[in-house]
Structure formats: C-alpha cells, structure tokens
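Let's take a walk through this structure together, one part at a time. Keep the view open beside you and follow along.

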Amino acid sequence: MQLSDTDLVLGIESSCDETAAAIVRGGREILSNIVASQEEMHAHFGGIVPEVASRRHAELITVVVESALRDAFVGWRDLALLAVTRGPGLVGSLLVGVSAAKGYALATGLPLVGVNHLAGHITSSFLLAAGGTEPAPREFPALALVASGGHSDLALIEDLGRYRRVGWTRDDAAGEALDKAARLLGLGYPGGPAIERAAADGDPHAVDLPRPDTKDGFEFSFAGLKTALVRILKNNDVQQSTHFTADLAASFQEAVVDCLVRETVEAALHFRARQIVIAGGVAANRRLRESMATAAGRHGLSAYFPPMSLCTDNAAMVAAAGYFEAAKHPPDPQQMLSMKVDAALELPA
Amino acid sequence: MAAPNGADYAELVVDAASPEETMALGRRLGELLCPGTFIALIGPLGAGKTTFVQGLADGLCAQGAITSPTFVLMRLHQGRVPLAHADAYRLGGAADLAELGIEELADECVVALEWADTISDTLPEDRIELRIEYTEEGRRLDIRGQGPASSNAVRALQP
C-alpha cells in the first residue's frame, strides 16, 4: 500500500490495562495520543477482573477515539488508514479494540490493518513526541529490547515493518520480576516504579544476587533471581531496616538491568546492529537507561529510548506500526472484517 | 481440602533438591494424565510452580515454551493432551474461574492453575493439589489427589 509522509493513521490499543487512541502523521509525528488507564480500577478491586476490564474498554473506546480526532484537529475524511492491536494481550480486552476498529472501517470505508503490540513498542523509539527527545535514526539493522510486565523480547529490526524475534525469556518477564520483587519487599504496586524509588537510596552492590546466563542464544531467565531474593528475605528480618530494603531493591534492580543489558548488547553485536532501541514499561527505568547507554557506547553503539509517555502502552505506537505494516503488507479489504485477535501472538522468528 | 477418605484420596510427598527434580516430577505426572484433570498449584513466589508446569508440559507433549502466565492469565498449549496453563496472581482474589476462561476448556484439557489458593470460588471436587514449600535443602512438594480420577493419578505416581 502506498502511504505518503503526510498520511494520517488512527491507532487503537486495548490489549491490557490501557484504552488508547492516537493520530500519527507519516508513521513518525504524533498529533494526538489519548490514554485512559484502568490501573486505579484494578487497585480498587485488588486485582484485575478480565470481565470488568473488557467492559471498561468498551465504555471508553469511542470516547478515546473521538478525543484523539479532536485533539489532532482532524476528521474521519482526513485519515488514510486505521490500525488496531490484535495481540498479544487479554482476549476480551483485545476484542473490544478490534471490534471497534472493524466498525469504524465499515462505516468509513478506510482500510484497516492489525498490529502486533510488540511491533508497536519497537516502533515507539522512532516516534517524534511533542517535547520529547530526538527519535532514533532510521538506520538498520537495529536491535530492539521490549521489556515490560508481560514481555522480555529481543527483536532484530531489519526495516520498519520487518521484525524478527531473536531473544526471549524462559520464565518471568523483566517487569514481572521487578513487580514480584516489589511485592516481596512490601513496596506496593505498580512494582517497577516502586523498586526504582526504593533503589535510589540503596547500594546496588550491597547484596550479591545471581545474573543467570542461559548460554544458548539470547535468552533471559529471572525466576532464579526471584528465588534468590526469597532466600535472603527468609534469612534476614527486613522489616527491621528500611536501609536494607533499599539495598535489596537496588541490588535486585541492578541484577535485572545487568541481564537485560548483557543479552541486548551481545545480540546487537552478533547481528551487527547499527543501533539499539529499548521499549516497553521497563524502558522507563532510569538505571536501565544509564547502564544500557554506557554498555552500548563501549562498543560504539547508540541506545535510544522513547520518551516516558511512550514506554507504557499507548496507541501512537500502534498507529506508527500500522503505517509500516500496511506499507509492507497492504490490508486486503476482503479479509479486513474477518481479522481475529490472537492473545498469544508473537513476533515472527 | 476435605478430610482424606480412603479410596478417593492419595498423597505423595517428595523432596526436590533442584529445579530439575521439580521438573522431573512434573514430567512423570504429565505422562499419566488424561483430559479433564485439574491441578491446583499452591506455593509462595519463587517456589517453582512454573518449573513444575514446564515438566508437566513435557510429559503431556505440549507444544510451545512454558513461561510465566502471570501477565496473560492463561496460555493454551496443544499436545497429546492440551494444557491450559493459568495464573490467578494478577486477579488478586477479585475474580473466579469463569473469568480465566478455564471452565469451557476444562473437559478437554489438563488445567494447571498457579496461585489456585487465591481464587475466590470453589475448585473442582476432583483435583490434584500441589503444595510447594521451601525447605533448607530445596523444596518439599506435597501432591494430593482428591476424587476418583485424581487420586488414581497420584497413586500411579507413587514409587
């Protein structure tokens, strides 16, 4: 499909806790980016209730889409393409976004493309956000790390719209490991930011924690690290000392960051990547940003991070990923309305 | 769990010194199971629930990598017997089995539910309960089969 630098794409995202819509120009420039989070609601219930989450997405989706159009000062006629996340994520939540997108496609006659949520995260480093940092240059191949509560994937970006999964986790995702460590340390939810806050006052080398190296390929493993923390907590009375908690948080964060940096840089060198891009909720972690930049720099590589607002789930990344996906694989109008959600969707191998 | 009552109850306690031993026990159990088995996995963070399921999946010849299902709540793996690998951790006690989409799959799959003790409604009567706890040397795995089918499976597992 021929798309120009000025073509506008509406992106829709509802794979997990965020209901989001955005307008992006030319796969690069964000005109609007609306995100409604359900985090508070989950806190209220003490957990996620998939049925309630889906219902909430359904209530919010049209409001969010209309806000995205209004904020960008555009109408349906100005758009060239619709893009929606079709996986991975929670089935019920994905269905809301995909059903809404099909409805909009039918009503407007616009082409619709399904987007892999992970391709979205990868694309976020190449977006120009208002007040944000300079986006990553379009130099390929590049190596992407997507690290969040649900993913720890390494992907080779051969070109925008062409991604290959080259690394993954054997057990827990990086964000999940941080989240569970926060729970063990009694630091509250969401765990990632809580660990980072507590770690600020701690010594990252105070406690010796393992950095599991899986040896074969570019695989992460965080389960052993979690177990090591449990052992330490069993043998020490952490409640007695906030200082020890800070040291543990800092040491745990350092171990996770070390593993992420080591595999990412190794993979980048192996595939002769010209740069590294980092995305997903864990990319918001400042220690990871620092450490990755230093390690990449040692090999003459640059590491790019999206602005904080684009690290967590959003629809601008979906609009941009859809733009590049449609250029490579033009949406077929006959197939568009039979698009299926895929809760376990992965990047191609 | 209800009081042990003879024919429909079997229990096996195994000490595992390493994740490999936890996995091996899962594999042996997996080789024995038929569709409709429900396994409730109970144990603290890092105990080895997912590790056990990795072995279980091997025994069931289930396809695809077994990773923590915490984020996605449930993963379905095709195999000799399909495996529904579910996780109630993120539900925080706020939801029930129907919410996980397990109920409609239960008859044709082996269901392995992590954090089963946090779910708000009752688990199937006929079930295998695996409790894992930390010991000085590693882990203690306490496997209890309740009901005709599950107790038979646990009995077959006994040395």
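This is a predicted model: local features need pLDDT of at least 70, side-chain atom pairs count only at pLDDT 80 or more; totals for chains, interfaces and linings use all residues.

B:Asp58 belongs to helix H2 (residues 49-59) of chain B and B:Arg27 to helix H1 (residues 19-32) of chain B, so the pair ties together parts that are 31 residues apart in sequence. How exposed are the two partners? B:Asp58 has a relative accessible area of 44%, so it is partly exposed. B:Arg27, at 29% relative accessibility, also counts as partly exposed, because a residue is called buried under 20% and exposed over 50%.

Staying in chain B, look for B:Arg140, which forms a salt bridge with B:Asp15; here the closest N and O atoms are 2.9 Å apart. This pair connects strands: B:Arg140 sits in strand S7 (residues 139-146) of chain B and B:Asp15 in strand S1 (residues 9-16) of chain B, so parts that are 125 residues apart in sequence are tied together. B:Arg140 is partly exposed, with a relative accessible area of 34%, and B:Asp15 counts as partly exposed at 45% relative accessibility.

Now cross over to chain A for another salt bridge. A:Glu196 forms one with A:Arg286, the closest N and O atoms being 3.8 Å apart. A:Glu196 lies in helix H6 (residues 191-199) of chain A, while A:Arg286 lies in helix H9 (residues 286-298) of chain A, so the pair ties together parts that are 90 residues apart in sequence. A:Arg286 counts as exposed, at 53% relative accessibility. Chain A also holds a network of salt bridges that links A:Asp153, A:Arg165 and A:Glu346. Over all chains, a search of the whole structure finds 23 salt bridges.

Strand S1 (residues 8-13) of chain A and strand S2 (residues 18-25) of chain A form a hairpin with 4 residues between them. They run antiparallel and are joined by 6 bridges; in S2(A), the bridge partner of A:Glu13 is A:Ala20. S2(A) is mostly covered, with 7 of its 8 residues buried. From S2(A) the pairing continues to S3(A), again antiparallel, through 8 bridges, and A:Ala22 has A:Asn33 as its bridge partner in S3(A). The hairpin of S2(A) and S3(A) has 3 residues between the strands, and in it A:Gly26 takes a positive phi near 60 degrees.

On which strand does S1(A) have parallel bridges? S1(A) is joined to S4(A) by 5 bridges, and these two run parallel. A:Ile12 stands opposite A:Val84 in S4(A). Strand S4 (residues 79-87) of chain A is mostly covered, with 8 of its 9 residues buried. S4(A) also pairs in the parallel sense with strand S5 (residues 112-116) of chain A, over 5 bridges, and A:Leu82 stands opposite A:Leu112 in S5(A).

Further along chain A there is an open sheet of 6 strands, in the order S9-S8-S7-S6-S10-S11, with mixed pairing. Strand S9 (218-220) and strand S11 (303-304) of chain A stand at the edges with a single partner strand each, so one side of each has no neighbour in the sheet. Within the sheet, strand S6 (residues 142-147) and strand S7 (residues 152-159) of chain A pair in the antiparallel sense over 6 bridges. The bridge partner of A:Ala142 in S7(A) is A:Ile157. Helix H8 (residues 242-270) of chain A packs on this sheet, touching S6, S7, S9 and strand S10 (276-279), and its direction makes about 170 degrees with that of S9(A).

Finally, turn to the largest pocket, which holds about 1200 Å³ of space. Its lining has 44 residues, of which A:Glu39, A:Asp179, A:Tyr189, A:Pro190 and A:Gly191 lie nearest its centre. Elements that each supply at least two lining residues include strand S3 (29-37), helix H1 (39-45) and H6 of chain A. H5(A) gives the most to the lining, with 6 residues.

Technical notes. Residues are numbered from 1 along each chain as its sequence is written. Chains are lettered from A and ligands numbered from 1 in the order in which they are written. Side-chain values use heavy atoms; hydrogens and water are left out. Two strands pair if DSSP finds at least two bridges between them. Contact means heavy atoms within 4.5 Å. Axes are lines fitted to C-alpha atoms, for helices over the stretch in contact, and angles run from 0 to 180 degrees between N-to-C directions. A salt bridge is a side-chain nitrogen of Lys or Arg within 4 Å of a carboxyl oxygen of Asp or Glu. Buried means under 20% relative accessible area, exposed over 50%, partly exposed in between (1.4 Å probe, protein chains only). On a 1 Å grid over the protein atoms alone, a cavity is a set of points where a 1.4 Å probe fits but cannot get out, and a pocket is an open set with protein on both sides within 12 Å along at least five of seven lines; lining residues have an atom within 4 Å of a point. Grid points are joined across faces, edges and corners, and a volume is the space filled by probe spheres set on the points.
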